[in-house]
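I opened the notebook to record what I looked up, going from strands to helices to single residues.

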Amino acid sequence: MHRGDVMPTPAPKDPDYAERIRASFDKQGLMATLGASLVRIAPGAVEIALTPTPAVSQQHGFVHAGAVSAIADSAAGYSALTLMPQGAGVLTVEFKINLLAPAAGDLILARGRVIKAGRTLTLAQAEVFAEADGKARLVSVLSATLMTIEGRDGVAD
């Protein structure tokens, strides 16, 4: 590899990773409350969409940073889970989010992707875009560290 080359995404360890992620996502009460939905699942990548409504807005009418953070965290976490072994769970260890512009538009889309998958820790990133009038604008970037959890009661996705 040369400087600037992108690391290849490893193959999923669980052949049923997409169905496992759909089932896990469906158990998330917060995603249902926000009205978020899974748009895309691929090895090392997950996209989550949110249609703005008054229920997820802040006082100026933009989508609240908490809602933006939630879909970004879930997109990053599920992108990590696509590469984890069957029966493993994923938990966020930490994340940092930069809010670059107000989240306003017809659709808010979080695109999560794995930067580096490790045996225990995975680094992932999510870019969040606000789509309006056929154009997408980057509104936030989240970096997250996710932990693979195995053999712990109640933590399996």
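Which residue in the turn of the hairpin that S1 and S2 form has a positive phi? I was working with a predicted model, and there I found Gly44 in that turn, with a phi of about 80 degrees and two residues between the strands.

**Entry 1: the sheet**

I followed the pairing of S1 and S2, which is antiparallel over six bridges, and noted that Ala36 has Leu50 as its bridge partner in S2.

I then traced the whole sheet, which is open, has six strands in the order S1-S2-S4-S5-S6-S3, and is paired antiparallel. S1 (36-42) and S3 (89-99) are the edge strands, and because each has a single partner strand, one side of each is left without a neighbour in the sheet. From one strand to the next I noted an average twist of 25 degrees.

**Entry 2: strand S2, side by side**

I asked myself how many of the six residues of S2 are buried. The count is six of six, so I wrote S2 down as mostly covered, with the cut-off for buried being under 20% relative accessible area. In a regular strand the side chains alternate between the two faces of the sheet. In S2 I found Ala45, Glu47 and Ala49 pointing one way, while Val46, Ile48 and Leu50 point the other way, and all of them are buried.

**Entry 3: helices and core**

Helix H1 (residues 17-26) packs on the sheet and touches S1 and S2, with its direction at about 165 degrees to that of S1. Helix H3 (residues 65-81) lies across S1, S2, S3, S4, S5 (121-132) and S6 (135-149), and I noted that it runs at about 135 degrees to S3.

Next I looked up the largest nonpolar core, which has 37 residues, and the ones with the most contacts inside it are Leu34, Val63, Ile71 and Ile108. At least two residues each come from H1, H2 (29-34), S1, S2, H3, S4, S5 and S6, and the largest share, 10 residues, is supplied by H3.

I took Val63 from that list and, leaving aside neighbours within four places in sequence, found it in contact with Leu50, Pro52, Val56, Ser57, Gln58, Val68, Ala103 and Ile108.

**Entry 4: single residues**

Is Ser74 buried or exposed? I found Ser74 in helix H3, and Ser74 counts as buried because its relative accessibility is 7%. Leaving aside neighbours within four places in sequence, the contacts I noted for Ser74 are Gln28, Met31 and Ile48.

Asp133 lies in the loop between S5 and S6, and I marked Asp133 as exposed, since its relative accessible area is 74%. The phi of Asp133 is near 55 degrees, which I noted as a positive value in a residue other than glycine.

Last, I looked at what lies over the face of Phe129. I found Arg111 there, at 4.8 Å from the ring centre.

How values were computed. Residues numbered from 1 in each chain as written. Predicted model: local features only at pLDDT ≥ 70, side-chain atom pairs only at ≥ 80, totals over all residues. Heavy atoms only, no water. Pairing = 2+ DSSP bridges. Helix = DSSP H or I, 4+ residues; strand = E, 2+ residues; numbered from the N terminus. Axes fitted to C-alpha atoms, helices over the stretch in contact; angles between N-to-C directions. Contact = heavy atoms within 4.5 Å. Core = buried A, V, L, I, M, F, W, Y, C linked by side-chain atoms within 4.5 Å. Buried < 20%, exposed > 50% of the residue type's maximum accessible area, 1.4 Å probe, protein only. Lys NZ or Arg CZ within 6 Å of the ring centre and 35° of its normal.
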